Amino acid sequence: KLHYPEGATHMDGFPEELRSVAHDHWGTFPPQHPLIPDMFAIFFFFLWCISFFGNGCVIYIFLTTKKLRSPTNLFIVNLAFSDLCMMTTQGLPVVINAFAADHWMWGATVCRIYACLGGIFGTTSIVTMVVIGYDRYNVIVMGFKGAKITFPKAVLVLIVVWTYGIVGCCPPFWGWGGYALEGLFMTCSYDFLTEDWNHKSYVLYAFIANYALPMVVVIFFYSQIVKAVVVHEAALRAQAKKMNVDSLRSNTDSNAESAEVKIAKVAITNVVLWAGIWTPYAVISMIGCFGDRSIVTPLVSQLPAFGAKIASCLNPVVFAVSHPKYREALAEKCMCLGIGNKSTEGDTDTKMQTMKSDTA
């Protein structure tokens, strides 16, 4: 299988029953190296293991620790749940398929369902991250003027989030847009290669509603958070200068990072990870739909789709491990991980500041 006759294409020997979910565009490329799908399968398996452990810990710790069972933390639990579902439904079939067949082995209908589930869980995770950004904006920027999030409100928000994801990803089953196999014929996603406006308009909708708009909103929330913290810290320093003291906070370490630097790091990390993970996939979809599709080779189309799945492994680190109380609970319940530091009597004020900023 490492040698092919001259003129061989990527679609030679392709099953006829899958033609309805495979675009002829892939037939313009030579056969891909047979080890590439195997490498993707190995990566997907390790990603699933990391996602299962990371998101499983988040769900377990947040639901079993009383002090973490707050309304706003339901958003983090929901993010972990959707990420876990995404990697389980999208990763394990690929692992099995790669070592059992040369092409998608589950049939055209399952391909569409697979793609739809990936869209639902991916969209739900994205919108949940927007909700988490709003929650932090509501606490830090709005303060007492912000809306108080109760358990009924949090549940209602999550119902809206899941409804948004499900309704937005089901139109291909109703005749608007479509789902199809991606370049290596091992995964399925949006059909961004069919040239009629029905398919193009749906891909454009998905690009705007599931990527561009959430990104703009998240950038707005975190930029406002950084701005508010910088202004607040500047006011504290000005007041301390008037009082001829180094700081208005007790037990302040002069070498410690300022609050605005810490908040800025979290905000920049969230935005950069968002852009780095989802932008390549969105760009490839737009190129395949409206640009020079000769650029979109089987491997080029598969790499961004693979990269998007990495989000399910990184989100637990960004949104949960950075939570002080979560780290404490994780250190208590999973002592073998060696996470967390023992508290001392001298850091009471620091603890109080941390507790106030937990939702931030």
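Mentor: One term to begin with: contact means heavy atoms within 4.5 Å. This is a predicted model, where local features need pLDDT of at least 70, side-chain atom pairs count only at pLDDT 80 or more, and totals for chains, interfaces and linings use all residues. Residues are numbered from 1 along each chain as its sequence is written, and side-chain values use heavy atoms, with hydrogens and water left out.

Trainee: Is N138 buried or exposed?
Mentor: N138 counts as buried because its relative accessibility is 6%. Buried means under 20% relative accessible area, exposed means over 50%, and partly exposed is in between, with a 1.4 Å probe and protein chains only.

Trainee: Let's zoom out. How many helices and strands are there in the protein chain?
Mentor: Eleven helices and two strands. Helices (H or I, at least four residues) and strands (E, at least two) are DSSP runs, numbered from the N terminus. The order along the sequence is α-α-α-α-α-β-β-α-α-α-α-α-α.

Trainee: And how much of the chain is buried?
Mentor: 47% of the 360 residues. Also, take the contacts in the chain with a separation of 6 or more: 77% of them join residues 24 or more positions apart.

Trainee: Back to α3. How does α3 pack with α6?
Mentor: Helix α6 covers residues 197-242. The two axes are 9 Å apart, at an angle of about 20°. That is why α3 counts as roughly parallel to α6. The cut-offs: under 35 degrees is roughly parallel, over 145 roughly antiparallel, 65 to 115 roughly perpendicular, and the rest oblique.

Trainee: How are those axes defined?
Mentor: They are lines fitted to C-alpha atoms, for helices over the stretch in contact. Angles run from 0 to 180 degrees between N-to-C directions.

Trainee: Is the α3 and α6 crossing left-handed or right-handed?
Mentor: Left-handed. A crossing is left-handed if the near helix is turned anticlockwise from the far one by less than a right angle, and right-handed if clockwise.

Trainee: Which residues make that contact?
Mentor: On α3, they include I126, M129, V130, Y134 and Y137. On α6, they include P214, V217, F221 and I225. The contact of α3 with α6 has 16 nonpolar, four polar and one charged. Ala, Val, Leu, Ile, Met, Phe, Trp, Tyr, Cys and Pro count as nonpolar, Asp, Glu, Lys and Arg as charged, and the others, Gly among them, as polar.

Trainee: What about α3 and α4?
Mentor: Helix α3 runs over residues 108-142 and helix α4 over 151-169. Their axes come within 8 Å and cross at roughly 145°. That crossing is right-handed. Among the α3 residues there are C116, F121 and V127, and they face a set in α4 that includes V157, W162 and Y164. This contact of α3 with α4 has eleven nonpolar, five polar and no charged residues.

Trainee: New topic. How many disulfides does a search of the whole structure find?
Mentor: One. A disulfide here is a pair of cysteine sulfur atoms within 2.5 Å. C111 and C188 form it, with their sulfur atoms 2.0 Å apart. The link is left-handed, with -120° about the S-S bond.

Trainee: Which parts does the pair tie together?
Mentor: C111 lies in helix α3 and C188 in strand β2, so the link joins parts that are 77 residues apart in sequence. Both C111 and C188 are buried.

Trainee: Last one. What is the phi of F185?
Mentor: F185 has a positive phi of about 60°, although it is not a glycine. Most residues other than glycine have a negative phi. F185 is in the loop between β1 and β2, and it counts as buried at 1% relative accessibility.
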